[in-house]
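Okay, thanks everyone, I'll keep this short. Let me put the structure up, and then we'll walk through a few spots.

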Amino acid sequence: MSNTPQTKKGLGTFDFFCVGFGAIVGVGWAVSLNKWMASAGGPVPAALGYLITLVLMVPVGLCFAELVPMLPVAGGTTAFTYRAFGEKASYVAGWLTLGAFLTLMPWEAIYVVDIASILFPALKAGAPLYVLAGSDIYLGHIVVGTIIALFFFCINYKGADLAAGLQKVLCIFLIGVGVLSMVCGLVKFDVNNLMPVYENIGTSAHNSMFGGMFAILATSPFFLCGFENIPQAVEDAGGSHKKVGFTVLLSIIMACLFYALLLFCIGAAWPWQDFYLNTESPAAANVFAKIFAGSAMGNVMYILLCAGALCGLLTTWNSFFMGTANLMMALARTHMLPFALSKRSAKTGTPVNALIVCLVASIVGPFLGLGLIDPLTTFSAAAYVVSWGLAAFCLIKLRKTEPNLPRPYKIPGGLPMAWFAALSMVAILIMMFIPGTPAYIGGMAVKMFLAWCVVGVAMFLATAPSRNQKSPEERYNNLFANAAQHHQKDLMMD
């Protein structure tokens with residue numbers, strides 16, 4: 001029996017772009033802009049660092065643009081790796097991606113309540129319940145975080161169409177606030193605010209502008225994650241799967257340019273070292289309050305940027321609710337997670353049990369607080385790099401082993417482009433785990449990464465009895481059951 005979701009009309013190209021771009025451009029630009037400048041040694045090397053990231057990520061996006069319509073089933077890299085390298089490699093890809101996805105859920109919840117408490121100070125009223133990792137945890141944070149998590153659970157349970165509709169509204173507002181910030185930054189442009197063009201102020205290990213640019217690679221994968229939610233939702237597509245693949249590439253390009261332009265425009269509007277040293281979170285909103293101090297414009301920009309930051313958080317949270325549930329469903333289809341997680345609602349086609357796991361992961365966030373944000377960020381970045389590199393290797397392998405698979409799109413540059421993507425990700429991953437390199441993720445993140453790997457081995461062993469009850473052919477067919485009908489649909493549309 002087909003597992004195709006019973007959606008009303010399916011998701012369109014713009015829906016998928018909003019899923020990807022909205023997931024990528026969350027709150028980082030609003031709360032971490034000054035930290036990016038500090039880690040790179042200035043807004044100019046930080047902006048250039050994101051352009052380097054763009055050069056490295058476009059080939060990855062191109063690989064996904066070919067792979068998604070070629071294998072249009074939930075799972076993304078998990079499905080690609082299963083087809084190319086088999087079950088164990090697929091589990092490695094899926095488990096690491098799941099760790100990164102699940103990390104995003106509490107991360108978003110933590111920052112949502114933090115930004116909400118800036119707009120509504122009553123959320124921090126009274127004494128904190130407790131302190132964790134140097135962060136005060138308030139009852140108001142827990143209540144609000146739980147309510148929003150329940151809201152997203154309900155929206156996503158109702159179906160992909162409703163979740164995508166909400167995503168579009170939030171994403172359009174987010175883009176509008178970002179563009180307005182760039183324009184207002186250029187209005188106050190002063191080249192002296194960019195000086196010194198490079199100076200290591202002690203937040204990263206580098207001694208040149210080039211090193212500062214590469215320091216961005218320690219966290220940029222985290223702030224570019226989210227485009228993987230597009231292939232997770234590909235089974236809900238209402239149009240051409242070829243266009244779905246293109247939205248992966250487009251969302252990566254637009255996000256990198258968005259970050260680079262914001263760094264340059266806002267960095268030129270206020271002395272960047274003061275921006276880092278004397279601006280509290282949310283940094284972008286507070287610096288505009290300084291730039292337009294004493295005028296109504298300062299208050300307007302402060303409120304708009306806080307609202308934009310909140311929308312960015314909500315778009316990411318909503319997108320990862322969709323993507324994480326679909327990823328767990330894909331892993332469960334092959335019994336690499338408990339098979340119950342593959343259960344779909346008969347009415348809406350949504351993976352209901354997987355959504356419950358997402359709800360729990362989200363509710364955990366407000367209980368943790370901001371003190372654990374940095375290690376969560378860099379742990380996720382390393383997991384994403386592994387996933388992206390494996391996707392490129394999958395394309396290389398499948399070009400050789402299954403040359404006759406339907407490929408609605410083939411990447412320009414062919415295998416050399418895929419090899420560039422794969423080896424770039426390998427190089428970045430190596431630097432992430434070598435202390436002293438600009439991209440080193442830190443001791444705590446390394447421990448978290450290794451701990452997640454150990455838990456993954458335990459999960460794989462625990463699900464072995466269930467897996468062994470099904471033949472390899474049955475597990476394979478569970479994952480790729482809908483691929484043929486999706487290909488037929490593409491042929492009819494062409």
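This is a predicted model: local features need pLDDT of at least 70, side-chain atom pairs count only at pLDDT 80 or more; totals for chains, interfaces and linings use all residues.

Let's begin with helix α5, residues 77-85: eight of its nine residues are buried, so the rest of the structure largely encloses this helix. The buried ones are Thr77, Thr78, Ala79, Phe80, Thr81, Tyr82, Arg83 and Ala84.

Next, the core. Which residues touch the most other members of the largest nonpolar core? That would be Trp29, Tyr259 and Trp317, in a core of 164 residues. The largest share of this core comes from α15, with 18 residues.

If you ignore its neighbours within four places in sequence, Tyr259 is in contact with Ile24, Val25, Gly26, Trp29, Trp36, Tyr50, Phe223 and Leu224.

Is Arg333 buried or exposed? Its relative accessibility is 3%, and because the cut-off for buried is under 20%, Arg333 counts as buried. As for a partner, the side chain of Arg333 makes a polar contact of 3.0 Å with the side chain of Glu235.

Now over to a helix pair. Helix α7, residues 139-158, packs against helix α8, residues 160-187, at an angle of about 125°, and the axes are 5 Å apart. That angle makes the two helices, α7 and α8, oblique to each other. Who meets whom there? From α7 we have Phe151, Phe152, Ile155, Asn156 and Lys158, and they meet Leu162, Ala163 and Leu166 of α8. By type, the residues of this α7 and α8 contact split into six nonpolar, one polar and one charged.

One more stop on α7, and that's Ile142, which sits in this helix. Ile142 has 10% relative accessibility, so it counts as buried. What does Ile142 contact, leaving aside neighbours within four places in sequence? The answer is Leu129, Ile137, Pro366 and Phe367. There's also a C-alpha pair to look at here: Ile142 and Ile363 are 221 residues apart along the chain, and their C-alpha atoms are separated by 7.8 Å.

That's my tour, happy to go back to any of these spots.

Technical notes
Residues are numbered from 1 along each chain as its sequence is written. Side-chain values use heavy atoms; hydrogens and water are left out. Buried means under 20% relative accessible area, exposed over 50%, partly exposed in between (1.4 Å probe, protein chains only). A polar contact is a pair of N or O atoms within 3.5 Å; within protein, one must be able to donate a hydrogen and the other to accept it, and residues adjacent in sequence count only if both atoms are side-chain atoms. Axes are lines fitted to C-alpha atoms, for helices over the stretch in contact, and angles run from 0 to 180 degrees between N-to-C directions. Helices (H or I, at least four residues) and strands (E, at least two) are DSSP runs, numbered from the N terminus. Angles under 35 degrees count as roughly parallel, over 145 as roughly antiparallel, 65 to 115 as roughly perpendicular and the rest as oblique. Contact means heavy atoms within 4.5 Å. Ala, Val, Leu, Ile, Met, Phe, Trp, Tyr, Cys and Pro count as nonpolar, Asp, Glu, Lys and Arg as charged, and the others, Gly among them, as polar. A nonpolar core is a set of buried Ala, Val, Leu, Ile, Met, Phe, Trp, Tyr and Cys residues joined through side-chain atoms within 4.5 Å.
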